[in-house]
Amino acid sequence: MKYNNIPITLILTIALCLSNIQTQAFDLFEKDRGKPPPPPPRPIISAKRQAQLPNPFRLRQQERKTQKSRKPLPPQKDFLLRGTSRIGDKRMAILKGPDNKDFIQSLKDNVRTEIKHNKYQGYYLLSVEAREVQIEYPTESPCRKSNEEKGLECSQTDEGKTAILSLKRRKALPSPKKPPPVSKKQKKRDQKKRQQQYKGFKRKVIKDEEVPPGMRVVRTPFGDRLVPKK
């Protein structure tokens, strides 16, 4: 039998059909036919690698310890501006401290100057302008809460490191209330009261012949009295 005349393409086609028939017959009787493929195996992590991975439980414990170790900030110490003055290149600020006592702090040539007060170490006077001064607070005790009524404004750009004090205009004092007008009946009652008070009063009269030498008489509605001559 001669195969020289059979084309090579026909031979390849027949071989491919036989291969598909065998594959279909094999899949037809397989028990896992139609199921999705199994997931890829998880990568095996060595014990050394597992020890290097962060532990969420330990991280939470560290965060709690860090929060507990942070010390609470001390109470904020505020100043109140009483007034400002300038003499040549020397400027002065009249301040009221947290202890409600006034003191004067000078500033020369606008150079950052530490407030020279035993109770307020770490506070610096930065500038003195008309009706306004700038104070630098310590890092461990920043200015956190502004007070518009006292003219205190904490800085919002440098973590409360500085504060501006403004001289607030005080409200005008109310005028004193005028007493109500006195009625005629009240005047009569007051007059009778005075008459009763001075009922037994006798006005002292000093005669001229009773005046000793070197003295003179001063006559008043309540009586006469002697005074030395000048």
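Because the model is predicted, local features need pLDDT of at least 70 and side-chain atom pairs count only at pLDDT 80 or more, whereas totals for chains, interfaces and linings use all residues. Residues are numbered from 1 along each chain as its sequence is written, and side-chain values use heavy atoms, with hydrogens and water left out.

**The open sheet**

Begin by selecting the open sheet of 5 strands, whose order is E4-E5-E6-E8-E7 with antiparallel pairing; strands here are DSSP runs of E with at least two residues, helices are runs of H or I with at least four, and both are numbered from the N terminus. Strand E4 (113-114) and strand E7 (152-154) stand at the edges with a single partner strand each, so one side of each has no neighbour in the sheet. Two strands count as paired if DSSP finds at least two bridges between them, and E7 pairs with strand E8 (residues 162-166) in the antiparallel sense over 3 bridges. Within E8, select Ala163, which stands opposite Cys154.

**The E2–E3 hairpin**

Next, select E2 and E3, which run antiparallel and are joined by 7 bridges. Their hairpin has 5 residues between the strands, and Asn100 takes a positive phi near 65° there. The bridge partner of Arg91 in E3 is Leu107. Buried means under 20% relative accessible area, exposed means over 50%, and partly exposed lies in between (1.4 Å probe, protein chains only).

**Salt bridges**

The whole structure holds 5 salt bridges, each defined by a side-chain nitrogen of Lys or Arg within 4 Å of a carboxyl oxygen of Asp or Glu. Select Arg82 and Asp102, whose side chains meet at 3.5 Å, N to O. Arg82 lies in strand E1 (residues 80-87) and Asp102 in strand E3 (residues 102-108), so this pair ties together parts that are 20 residues apart in sequence.

Then move to Glu129 and Arg91, where the closest N and O atoms are 3.5 Å apart. Since Glu129 belongs to strand E5 (residues 124-129) and Arg91 to strand E2 (residues 90-96), the pair ties together parts that are 38 residues apart in sequence. Glu129 is partly exposed at 40% relative accessibility, whereas Arg91 is buried at 13%.

Finally, select Asp208, Arg219 and Asp224, which are linked in a network of salt bridges. Between Asp224 and Arg219 the closest N and O atoms are 2.5 Å apart; Asp224 is buried at 4% relative accessibility, and Arg219 is partly exposed at 46%.

**Aromatic rings**

Select Phe79, Phe103, Tyr120, Tyr123 and Tyr137, which ring pairs link into a cluster. Rings of Phe, Tyr and Trp (its six-membered ring) pair if their centres lie within 6.5 Å, with planes under 30 degrees apart called stacked, over 60 edge-to-face and the rest tilted. Phe79 and Tyr120 form an edge-to-face pair, 5.1 Å centre to centre with 80° between the planes, and both residues are buried.

**The second largest pocket**

End at the lining residues Asp78, Phe79, Leu80, Lys96, Gly97, Pro98, Asn100 and Lys150, which surround the second largest pocket.

Terms used: On a 1 Å grid over the protein atoms alone, a cavity is a set of points where a 1.4 Å probe fits but cannot get out, and a pocket is an open set with protein on both sides within 12 Å along at least five of seven lines; lining residues have an atom within 4 Å of a point.
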